[in-house]
Amino acid sequence: MENGELFKHIRQDKGLTLRQLTDEQNSLSFISKFENGERDITMRRFEHLLDKINVTIEEFYFLKHQSTEGQTAVTFSQFPAYLSSPFYSYLDRILHINAQIDSINDPADFTDRYMTAKKQLEKVASELKATSQWQRFLRLYIQLLQQIYDINMANTGFLGNLDNQLSATQFDIFFKRQMADFRQISLPIVSYLYKVENWSIYEVTLFRFFLFTFSMDTIIQLLPIALKRTTKMKDFTVMNDMRCELIFSAVSTFANFNQLKAADDALSLAYDTLNDSKDLLNSNQLVFYNGWIDILKGHKKTGTKKCQSAITIFAALNQPKLAKSYQNILKHILLKSQNKSFSTYFS
């Protein structure tokens, strides 16, 4: 399959028209002729068009190989890959800024870190234009992060109009209102994801990072759809990792809200996804998550044993940071099992 023909298939899968891709670099007539094999295209203009449909050049050539060779070189697909696109570059900046907040151990440091992060996020937002879909979506994500900071500030009593911490009841009401706001903000994301027939890493990334704003019903419905719509890309190394991360994020969300049937269903999807995949790290994470759900079901001894086994394997695989991280997660899971009002959210 030629580049133009494959590009046309991907564009149509994403529900985009030629007119939506037209700009000063590529006219409607030029794009049409490129798709029909009537015009050659420079790499610069081609990369610009791929950015317009939110597909990296790595994904494009992976799909082209599939369409021409009929199968993937499995051995080489196991090697790490990277993604080159303005969308991922900006998202990486946002996540780096947010990590400064996540790493706070002393609540007394929160105010200064929050103000710094807020200014940095505002700077990123100012660089994103409303004319591009992915830029609009990233601006929504920044808006959500800033509101999360406000929730954390309210819960620790640092907002100027709060002299003391909010009571459990007050915070519960405050949190539910915020979640309602989050779902309203993320409606364009939900609508977009349902519309796209064949997902690239872009769609999985949107689902992964906006998942915490979705209703339980939306996550339950959309998760199997996401796995089905990424089937063509499942052997692409980055896609495989993203699919697993998406499932574990969903399990984490279900566990935090005691949706144990949904968590079991998501774990079943993980088992199917990882079956005989030689993906040791994600398979070991599956052991841990299975233990987590066992603990929530009341099988504390069995579940704790599974979680500890996974932590031991992480250490044996020379992954000390993962071992430490999951040891900390287990500590919070056990606290939640003793106190149902204790929040444990990991994604």
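A crossing of two helices is left-handed if the near helix is turned anticlockwise from the far one by less than a right angle, and right-handed if clockwise. The exercises below use this term and others on a predicted model, in which local features need pLDDT of at least 70, side-chain atom pairs count only at pLDDT 80 or more, and totals for chains, interfaces and linings use all residues. Residues are numbered from 1 along each chain as its sequence is written, and side-chain values use heavy atoms, with hydrogens and water left out.

**Exercise 1. The chain as a whole**

State how many helices and strands the protein chain has, and what share of its residues is buried.

Solution. Step one: helices (H or I, at least four residues) and strands (E, at least two) are DSSP runs, numbered from the N terminus. The protein chain has 18 helices and zero strands. Step two: buried means under 20% relative accessible area, exposed over 50%, and partly exposed in between (1.4 Å probe, protein chains only). Of the 347 residues in the protein chain, 45% are buried. Step three: contact means heavy atoms within 4.5 Å. Among contacts between residues at least 6 apart in sequence, 64% join residues at least 24 apart.

**Exercise 2. Helices α11 and α12**

Describe how α11 and α12 pack, and name the residues that meet.

Solution. Step one: axes are lines fitted to C-alpha atoms, for helices over the stretch in contact, and angles run from 0 to 180 degrees between N-to-C directions. For α11 (residues 187-195) and α12 (residues 201-210) the angle is about 145 degrees, and the axes are 10 Å apart. Their crossing is left-handed. Step two: α11 contributes Ile189, Tyr192 and Leu193, while α12 contributes Tyr202, Glu203, Leu206, Phe207 and Phe210. These residues divide into seven nonpolar, no polar and one charged. In this count Ala, Val, Leu, Ile, Met, Phe, Trp, Tyr, Cys and Pro are nonpolar, Asp, Glu, Lys and Arg are charged, and the others, Gly among them, are polar.

**Exercise 3. The largest nonpolar core**

Find the residues with the most contacts inside the largest nonpolar core, and follow Phe214 and Phe288 to their partners.

Solution. Step one: a nonpolar core is a set of buried Ala, Val, Leu, Ile, Met, Phe, Trp, Tyr and Cys residues joined through side-chain atoms within 4.5 Å. The largest one has 100 residues, and those with the most contacts inside it are Phe7, Leu193, Leu206, Phe207, Phe214 and Phe288. Step two: leaving out residues up to four places away in sequence, Phe214 touches Arg183, Ser186, Ile189, Val190, Leu193, Phe207, Ile219 and Leu222. Step three: Phe288 is in helix α16 (residues 280-296), and it counts as buried because its relative accessibility is 0%. With the residues up to four places away again left out, its partners are Cys307, Ala310, Ile311, Tyr326, Ile329, Leu330 and Ile333. The C-alpha atoms of Phe288 and Ala310 are separated by 5.5 Å, at 22 residues apart along the chain.
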